Amino acid sequence: MRFSDDPSAFAHPAVNLGLLMHQLASELWPIARSITGPGVRKTLEILKQEIPELCLQSIPSGTRCFDWTVPDEWSIADAFIEDEAGDRIVDFRNNNLHVVGYSVPADEWLDLEELQSHLHSLRDQPHAIPYVTSYYSRRWGFCITEAQRQSLKRGRYHAVIRSELKPGVLNYGEVILAGETDQEVLLSTYICHPSMANNELSGPVVTAAITSWLKSLVNRKFTYRIVFVPETIGSIVYLSLHLSQMKSKTVAGYVVTCIGDDRTYSFLPSRAGNSLADLAATHVLSHLAPGYRKYSFLDRGSDERQYCSPGVDLPVASVMRSKYGEYPEYHTSLDDLNLVTPTGLAGGFLAYKHILECIEGNCYPRVTVLCEPQLGKRGLYPTLSTKQSGKDVRAMTNLIAYCDGSLSLLEIAERIGQPMWELLPMVERLSEFSLLEKKSS
Amino acid sequence: MRFSDDPSAFAHPAVNLGLLMHQLASELWPIARSITGPGVRKTLEILKQEIPELCLQSIPSGTRCFDWTVPDEWSIADAFIEDEAGDRIVDFRNNNLHVVGYSVPADEWLDLEELQSHLHSLRDQPHAIPYVTSYYSRRWGFCITEAQRQSLKRGRYHAVIRSELKPGVLNYGEVILAGETDQEVLLSTYICHPSMANNELSGPVVTAAITSWLKSLVNRKFTYRIVFVPETIGSIVYLSLHLSQMKSKTVAGYVVTCIGDDRTYSFLPSRAGNSLADLAATHVLSHLAPGYRKYSFLDRGSDERQYCSPGVDLPVASVMRSKYGEYPEYHTSLDDLNLVTPTGLAGGFLAYKHILECIEGNCYPRVTVLCEPQLGKRGLYPTLSTKQSGKDVRAMTNLIAYCDGSLSLLEIAERIGQPMWELLPMVERLSEFSLLEKKSS
Amino acid sequence: MRFSDDPSAFAHPAVNLGLLMHQLASELWPIARSITGPGVRKTLEILKQEIPELCLQSIPSGTRCFDWTVPDEWSIADAFIEDEAGDRIVDFRNNNLHVVGYSVPADEWLDLEELQSHLHSLRDQPHAIPYVTSYYSRRWGFCITEAQRQSLKRGRYHAVIRSELKPGVLNYGEVILAGETDQEVLLSTYICHPSMANNELSGPVVTAAITSWLKSLVNRKFTYRIVFVPETIGSIVYLSLHLSQMKSKTVAGYVVTCIGDDRTYSFLPSRAGNSLADLAATHVLSHLAPGYRKYSFLDRGSDERQYCSPGVDLPVASVMRSKYGEYPEYHTSLDDLNLVTPTGLAGGFLAYKHILECIEGNCYPRVTVLCEPQLGKRGLYPTLSTKQSGKDVRAMTNLIAYCDGSLSLLEIAERIGQPMWELLPMVERLSEFSLLEKKSS
């Protein structure tokens, strides 16, 4: 295990934890993942070394899940394009983005003109290999840089893809961390993209670290459902198996993705937009990263598409660093482990840690006395009244002023403009003096 | 009939319909209308040639209607001011705005000083004849340009008004176009101003064209109540006869006025401000004319004063081009058929057509599957996933994401930023694949 | 009595009333007030000369009131610092801010270094004597200007405080002005600061004038509870005695403080923020002083801290001129009767007068006819219709348009943008014509 269960290790993630997460990402980097196949299994096995509680599940190809069907399993041994001289000018072993995901087997000699219809590149990013897939329509293709494409000479080329597409299984992993109640918090991340760092590895890596931190908590109030699934089909499969339980128990959930670069913070709301998941996330970001980018649910693009769909209606939002689709390296070979940094991952970890602290610590506090309590006699208020006195204890008196039992601590924190996680010790202090009661609702 | 019942004729009103509406306005232009009398009847008869379903009604003078009484009927044969040489220096035959509406008969020789108290002109618009009426207080007067007034020489003048004011009737016209339900949409326009174009003729002319278009609709959902009334007293009379039916059935209504010039679009909300009439109108204008002018109900001035009055409480708003009281030619001889144009009328028609399309097509759509439907297997989604794919079908996936049966299509269109009339074909397509149900509420 | 009961005297407070209020403040100025003791009693006795109905109450030291205990009574005969030559370099007789409030007796010779720990001054305001108290922790001290402090020479000083701190009483005054109903309006002001003008005397002085004006009203609808209490402990004592009655009867309340300077107007909302007290105050200020400063409940600092505390929950707001803590002279000797002016006091009086007029005159008006009433036949509307007519009677027609019995007159005034106190005569006029009914809710 890379991440210790020692609470103190999580208090300052920038010191050490960011580096450990980046190391885990590096280990997962070379694996040729797709929505099914050995790459997913290898990835889950490495994650299980970090989280022994991770249960690996497999669902057979052909299984019906709502409007979808689990596809055949795809595996790939090799893929390349040779020129007439026998030189491999494109080689899957150099970069697993070179082959279109779910390509059918191929072994053809083609003219350059014929080959072109099987090539994908990005005119605006001449040095990036694009990421392209075709899960549900049978075709084959190669992805190369626009620069290489422009350099191809007339002649014949040998395109070989040694892939297999046949009935097998779809894999995913899940962890259930039981809490004091059976009310659940959902964390969902995906494990289906090949070598990309922000839009793939940052998600499972931060989720693994958060899982370790959650395990270190004593008196954990909520039960945590943490899933590592292939995007779209994986969350649909998972929902088809657990929808009833999740609908009745989930109080908040997050899709953890694109959480590793160092540029910005982003928020994508749930469809409802006002769930506990939304409130906790925007509260934390407003203090941690006041200039964070606010997206609309219309900008969604990951598994909240399923979790928030009509009839599913889960309170699932997403906190990200640079959001998918919004940074130039997205879905190209440029989304690498230089873009994702230890400090970027540590910042993402800290955001989710504070969010979950807010959810865990939320309660409906109520003062036990009428009028303001006399804080001075308990050493909580200056005894000398000057022009300045009172301002220093503003956060505590403001907290007390709203503890009428009708507002949650999260709502109070918003109203008085304080980070909720800084109010938690005050709530404890006031409770020790019997000046506050913590109601659960 | 000028306007065909052919649906295709209404699809592009700027091509031909604008010209036809302008021709109808030209035919109605010279008639000396007032709130009662032969001018109203002549106007209604011409409109009946366009709309054979138009029923002409007459209510006797002296009839009590709420706080009001139908006034005596007014007719005018001639009116002029002669100078001592016998020259007609002001002549009703040249412009029917020259006489104060509802003037009592007069035949007097007066000094210029005495005459002045019977003259009306506009200091700030020296070349405009103002429009002045005195329906409920017996007086007589003439309206002339300030330029002419300044040129009047000392001397004696012969003022003659050959009018009659005696018990008769108040006339109005109504059309009921039955639909699949008895829920009603109200369109109200007025026919009581003499020769003015935007603040009079644009209203009945666009309403007549909209009526023809409504007749061309197959499967019309709503029943349409379309009334051509003298302003204020006419709508009060009409409400006194139909209030109970209208209160229980009306889902939306509009006062159609000032809808023919080419300058801007304007919106005046209902008193409640959040009725279907308001939502449909602002939705359409936000797409058709994003810079449209938003007025407050405090700026009202036409028959929404009656339709929205306390206890009447109908959901009646008004979409206009240049609003009454807000353009310099308003209530003067300058409000003519140069100000009102074929393209201005066509734009007004199109706004109301889209509004009524939104009201007709509104429903509560609900997706029939859990999670996102697999659009790809139905040819509704690209099978190759690239950096760009998904964006092209954003409108459809956004539509689906909100079809949870709790939101109307109009609300969904607002939320996803699409013109509702462009979503209607998508709703049909998805319904054909049995992916959507259309609930009525 | 300084303030007459003649209603006309209150109509234009700037003419005469401001001067009378300033005179009363001058008379109260020299008294050495604190939260208990002879200064409070002397102040209440002078106020009783203005308001014979004022009842003086006393509560024994040691009485428990919620989380607090009434402290010992403090009195002070003399206090000074002498230098070695026997010259009084600091003398309580010159300015009663020189001694820390509630100082215990002292009679000590000290070095300058020892003396420093008992001195208070303001580095940023070198010519101001600060106001400092220590009610609940026994200490003694002197307040001097920073300029004087810098000029003190090494040597020995004789510090003498001839104070007494022993069981006694806490005093306050209350007036109940009965109205037609037992529903109450609360006015609370404080009488516990020594010689300061805006942050002390403006409150009781304006409250005394408002009390006289309230007495002059015929048909006063509400009962007024007007209290003159020492801040914090006084309102807590008062609430502990009257909470049940106040919770069930209070419709609106205000803390009257800092209401005498000429600079600005300020508003501090109640904790709920949407009570009648808030609505009436912001309505009045938006017309009387559109640029007034809007504070948050988080900026509170006077007895609304108690009145709005959880479980007490009274609808108490505060309208001020320059708010405590927000003007440089606050809590120093510079807050004097040059800062507080006759026009400043008159403006404060007028704001509260209009607020209470709005609360007194509020009702739910409903028109008695359907459609617009015919105002012309009652002489309330011009009979000649021109381009301009209608605009002159806009306020009345807008008033009528919203009199549907569901909106209060205060809400209507807000919606139509008119000062409510200017609508009151219109409501009376329309009621005389039987066009309006005034419902009480």
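1. Between chain A and chain C the count is 14 residue pairs in polar contact, both residues at pLDDT 80 or more. A polar contact is a pair of N or O atoms within 3.5 Å; within protein, one must be able to donate a hydrogen and the other to accept it, and residues adjacent in sequence count only if both atoms are side-chain atoms. From chain A, α11 (394-402) and α12 (409-416) each supply at least two residues of the side that touches chain C. α11(A) gives the most, with six residues. Helices are DSSP runs of H or I with at least four residues, strands are runs of E with at least two, and both are numbered from the N terminus.

2. A note on the basis. This is a predicted model: local features need pLDDT of at least 70, side-chain atom pairs count only at pLDDT 80 or more, and totals for chains, interfaces and linings use all residues. Residues are numbered from 1 along each chain as its sequence is written, chains are lettered from A and ligands numbered from 1 in the order in which they are written, and side-chain values use heavy atoms, with hydrogens and water left out.

3. The A–C contact takes 25 residues from chain A and 31 residues from chain C, where contact means heavy atoms within 4.5 Å. The buried area is about 2500 Å², and carbon and sulfur atoms give 50% of it. That area is the accessible area (1.4 Å probe) that two parts lose on being put together, summed over both. In chain A, A:Cys371, A:Glu372 and A:Lys387 lose the most area to chain C, together 29% of what that side buries.

4. Four salt bridges are counted between chain A and chain C. The term needs a side-chain nitrogen of Lys or Arg within 4 Å of a carboxyl oxygen of Asp or Glu. C:Arg271 and A:Asp404 form a salt bridge at 3.1 Å, N to O.

5. Now chains A and B. Here the contact takes 30 residues from chain A and 26 residues from chain B. The rule finds four salt bridges across this interface. B:Lys377 pairs with A:Asp67 in a salt bridge, the closest N and O atoms being 3.7 Å apart.

6. Chain B has an open sheet of four strands in the order β5-β4-β9-β6, with antiparallel pairing. β5 (88-91) and β6 (106-111) of chain B stand at the edges with a single partner strand each, so one side of each lacks a neighbour in the sheet. Strands pair if DSSP finds at least two bridges between them. β4 (residues 73-82) and β5 of chain B pair over three bridges.
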